[in-house]
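Good morning, colleagues. Please look at the structure on the screen while I take you through some of its local features and then its overall form.

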Amino acid sequence: MRAPTGNTDSGTAIHASKGNTDIGTGVQAATGAAGAQPREGRLDSFGTTIFAEMSALALSTNSINLGQGFPDTDGPPEVLQAAARAIVEGRGNQYPPGPGIPELRRAISAHQRQQYGLDLDPDVEVLVTVGATEAIAAAILGLTLPGDEVVMFEPYYDSYAATIALGGARHRSVTLQPDGGRWSFEPDELRRAITAQTRVILLNSPHNPTGTVFNRAELTLIAELAREHDLIVVTDEVYEHLIFEGEHIPMATLPGMAARTVTISSAGKTFSVTGWKVGGVSAPAPLLNRIRAVKQFLTYVGSGPFQYAIAEALEAATDYRAIAEQLRTRRDLFTKGLAELGYSVHIPAATYFATIDVGGQAEAWCRALPGRAGVVAIPSRVFYDSDIDRYVRFAFCKRPEVLAEALDRLGKMSA
């Protein structure tokens with residue numbers, strides 16, 4: 001399997017200029033009131049995330065925020081109490097171990113074995129991260145070099161493209177299209193996306209924002225191409241327990257894939273404690289070593305007391321189906337209401353999100369929505385490289401009364 005080798009200097013995001021410079025910053029020293037002006041940055045084109053922008057708009061217009069994917073109720077009381085006990089008892093208030101506390105790493109290993117039959121060594125094949133976003137960043141930065149390519153599926157979670165750019169790599173997108181009530185990709189498009197420079201396939205299933213769950217045939221094709229081209233597959237599985245239809249099949253369980261798969265998940269999504277930022281990575285030791293080497297220079301450690309709470313939650317006899325069923329009720333309430341209002345709704349098989357098709361100019365539609373209806377949604381255009389501007393994403397992981405009020409406001413706008 002190919003992997004980055006050597007201590008390669010990928011360059012810096014801000015370049016030092018010759019002459020009068022501020023040593024240590026790499027920024028040309030200012031010679032006037034304007035102050036120091038960086039010449040360029042690797043992420044200059046990304047700007048402020050759409051989530052920050054739309055959440056600020058929700059506050060300024062007193063709108064119901066169905067844009068950002070976080071619940072508006074806290075997680076199970078026993079999980080919250082476990083965190084409070086850890087704080088009071090002094091567990092995790094200081095720096096936890098860099099790879100994560102042993103209790104949580106063992107609990108993640110046990111979860112993967114019980115749920116999927118995967119046998120992991122918690123000491124060398126499991127890493128705790130500050131949420132799944134850090135895990136994705138550490139994996140991409142640790143497993144690619146400048147000029148490498150990452151193949152992923154659009155629409156995609158916005159941090160993917162930013163992380164790939166941060167490392168100096170490039171991404172190639174394969175477009176998911178509505179297909180008989182779900183979203184899927186054209187196999188030949190995926191084959192064409194893989195080049196001699198491809199090192200990683202980045203897969204998100206269950207998928208945000210479409211809510212599709214990749215089926216066995218789709219996963220088998222991805223696995224075959226990974227083996228054929230000697231690629232690593234990084235899988236974002238944060239919604240693994242929030243499935244309403246279909247089956248979550250971890251890529252690492254397919255033949256020949258355990259040795260070339262990096263699996264990422266998030267307790268924040270499963271237990272409705274997104275602010276705790278507790279994520280995890282499991283991978284073969286040679287791959288995890290590279291990921292851990294990057295992670296230690298991102299946050300080093302984090303979420304100390306919450307790690308103990310999540311370890312307890314994973315060790316408990318959690319009824320994951322009950323968690324999904326509660327969310328299914330909210331999905332059904334909201335998507336039925338949208339359909340009754342005349343919207344073209346794509347019913348998600350998983351996740352927090354439902355998509356509607358407004359036909360075109362979805363970004364303008366979303367920007368006008370707070371003023372017209374007092375509701376905030378996200379234009380799915382921000383998740384595409386392609387010029388697709390017809391889909392809108394709503395988060396339905398909110399209290400039923402909040403969803404009902406949002407539907408009432410949308411109905412008044414339609415009337």
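Pro206 sits in the loop between strand S9 (198–204) and helix H7 (216–229). Helices here are DSSP runs of H or I with at least four residues, strands are runs of E with at least two, and both are numbered from the N terminus. The bond joining Ser205 and Pro206 is a cis peptide bond, with omega about -5°.

Before I continue, a word on the origin of the coordinates. This is a predicted model, in which local features need pLDDT of at least 70 and side-chain atom pairs count only at pLDDT 80 or more, while totals for chains, interfaces and linings use all residues. Residues are numbered from 1 along each chain as its sequence is written, and side-chain values use heavy atoms, with hydrogens and water left out.

A cis bond also leads from Glu154 to Pro155, with omega near 0°. Pro155 belongs to the loop between strand S5 (149–154) and helix H5 (159–166).

Let me turn to backbone angles. Most residues other than glycine have a negative phi, and most peptide bonds are trans. Thr351, however, has a positive phi, near 80°. Thr351 lies in the loop between strand S13 (344–346) and strand S14 (353–357), and is buried, with a relative accessible area of 0%. By buried I mean under 20% relative accessible area, by exposed over 50%, and by partly exposed anything in between, with a 1.4 Å probe and protein chains only. Lys277 likewise has a positive phi, near 55°. Lys277 is located in the loop between helix H8 (267–270) and strand S12 (279–282), and at 34% relative accessibility it is partly exposed.

Next, the aromatic residues. How many aromatic pairs does the structure hold? There are 14. Rings of Phe, Tyr and Trp (its six-membered ring) pair if their centres lie within 6.5 Å; planes under 30 degrees apart are stacked, those over 60 are edge-to-face, and the rest are tilted. Trp183 and Tyr391 make an edge-to-face pair, with 5.1 Å centre to centre and 70° between the planes. Because Trp183 lies in strand S8 (residues 182–184) and Tyr391 in strand S17 (residues 391–395), this pair ties together parts 208 residues apart in sequence. Trp183 is buried at 4% relative accessible area, and Tyr391 is buried at 7%. Tyr352 and Phe353 are also edge-to-face, at 6.0 Å centre to centre and 70° between the planes; Tyr352 and Phe353 are both buried.

Ile50 is buried, with a relative accessible area of 8%. Which residues does Ile50 contact, leaving aside neighbours within four places in sequence? They are Arg367, Ile378, Pro379 and Val382, where contact means heavy atoms within 4.5 Å. Ile50 and Val382 are 332 residues apart along the chain, yet their C-alpha atoms are separated by 7.5 Å.

Finally, the chain as a whole. Among contacts between residues at least 6 apart in sequence, 74% join residues at least 24 apart. Buried residues make up 53% of the 415 residues. Along its principal axes, the C-alpha trace spans about 65 × 60 × 55 Å. The protein chain has 13 helices and 17 strands.
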